[in-house]
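Biologist: I have the sequence and the model open. Can we go through some of its contacts and packing together?

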Amino acid sequence: QRKLSLQREELRLSEDRETVRIKAELITANIYRLKKGQRVLECENYYEENSPVIQIELDPLKTPQQNSAALYKHYSKLKGAYAHLSVLIAENEKQLDYLNSVLDELERCESMNDIAAIRAELVSTGYIKKTNAKQPKVKPQQPLVFVSDDGFEILVGRSNMQNDELTTKTARRTDIWLHTKNVHGSHVVIRCDGREVPERTLMQAASLAVYYSQGRDAGKIPVDYTMVRNVKKPSGALPGKVIYTDYGTLTAEADENIILNLKK
């Protein structure tokens, strides 16, 4: 977050690059009027409507040509910085989004094994250095399993790595996939086995998606749902990150009674 804050401030400063370029060009256009040692150039800015008169500060120790060259060099640096920072900020926003999802996972851990699994995930993604110190053995995690009142099995991922496993390997293409809209949370899958999913089951699965998300205490929030075949994991994406199409959206809220009554 600190890194992004600094980069965004640098980006804001680099947005003034066109003003710097215009000043350099105005000095060049008025170079015949300038003398070394002059501190200010007062001239018309023909880049703006009605050509208002502006003042451009000069370095009196430089020649007019050197003043112009210095501004062109500064413009070039700002232009390069803007392009570079735009890429860095986009990448760091993805990293921050991922780390926020890990924080959400940690808040919902139910055992030391859950925590060990998240540590292993952070080692695999390079956020924690692998050490020679003996680490607790991580037992392979299985998704949480619920059975709806209509008899449909509902699977809920416990972590980003397990979300990937659940969505891309465990679920069948015709199963129904759910996730809270714009909120970090677990991937939820309704096992259909070729059957049409009743609205009651869909709502119960949506409630589970809200319960196992950052929106647990936010009341009613939107939940997207679609067939698993419409969910894709982009190449190189961080754990738990997917894109999806052809989805519907419903509104649901966390309900602890559903957790107690449906858990297998």
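Biologist: Which residues does P143 touch, not counting residues up to four places away in sequence?
Modeller: This is a predicted model. P143 sits in the loop between α4 and β3. Leaving out residues up to four places away in sequence, P143 touches L155, V156, R158 and Q162.

Biologist: Is P143 buried or exposed?
Modeller: The cut-off for buried is under 20% relative accessible area. P143 has 17%, so the residue is buried.

Biologist: How far apart in space are P143 and I154, C-alpha to C-alpha?
Modeller: In sequence, P143 and I154 are 11 residues apart. In space, C-alpha to C-alpha, the separation is 9.5 Å.

Biologist: Q162 came up as a partner of P143. Which residues of helix α5 are buried?
Modeller: Helix α5 covers residues 160-170. Elements that cover its buried residues include α3, α4, β4, β5, β6 and β8. The buried residues of α5 are N160, Q162, N163, D164, L166 and T167.

Biologist: Which backbone oxygen does the side chain of S213 reach?
Modeller: S213 is in the loop between α6 and β7. Its relative accessibility is 4%, so S213 counts as buried. Setting aside neighbours within four places in sequence, its contacts are D104, R108, T180, V183, H184, G185 and I221. The side chain reaches, at 2.7 Å, the backbone oxygen of V210.

Biologist: How are α1 and α3 oriented to each other, roughly parallel or roughly antiparallel?
Modeller: The axes of α1 and α3 come within 9 Å and cross at roughly 150°. Angles over 145 degrees count as roughly antiparallel. That crossing angle therefore makes α1, relative to α3, roughly antiparallel.

Biologist: By class, what residues make up the contact of α1 with α3?
Modeller: From α1 come K3, L4, Q7, R8, E10, L11, L13 and S14. From α3 come L78, Y82, L85, S86, L88, I89, N92, E93 and L96. By class, that contact has nine nonpolar, four polar and four charged residues.

Biologist: What is the handedness of the crossing of α2 and α3?
Modeller: The axes of α2 and α3 come within 8 Å and cross at roughly 160°. The two helices are therefore roughly antiparallel. Their crossing is left-handed.

Biologist: How do the residues of the contact of α2 with α3 divide by class?
Modeller: On the α2 side, the contact includes R17, E18, V20 and R21. On the α3 side, P64, N67, S68 and L71 are among the residues involved. The contact divides into nine nonpolar, four polar and six charged.

Note on methods
Residues are numbered from 1 along each chain as its sequence is written. This is a predicted model: local features need pLDDT of at least 70, side-chain atom pairs count only at pLDDT 80 or more; totals for chains, interfaces and linings use all residues. Side-chain values use heavy atoms; hydrogens and water are left out. Buried means under 20% relative accessible area, exposed over 50%, partly exposed in between (1.4 Å probe, protein chains only). Helices (H or I, at least four residues) and strands (E, at least two) are DSSP runs, numbered from the N terminus. Contact means heavy atoms within 4.5 Å. Axes are lines fitted to C-alpha atoms, for helices over the stretch in contact, and angles run from 0 to 180 degrees between N-to-C directions. Angles under 35 degrees count as roughly parallel, over 145 as roughly antiparallel, 65 to 115 as roughly perpendicular and the rest as oblique. Ala, Val, Leu, Ile, Met, Phe, Trp, Tyr, Cys and Pro count as nonpolar, Asp, Glu, Lys and Arg as charged, and the others, Gly among them, as polar. A polar contact is a pair of N or O atoms within 3.5 Å; within protein, one must be able to donate a hydrogen and the other to accept it, and residues adjacent in sequence count only if both atoms are side-chain atoms. A crossing is left-handed if the near helix is turned anticlockwise from the far one by less than a right angle, and right-handed if clockwise.
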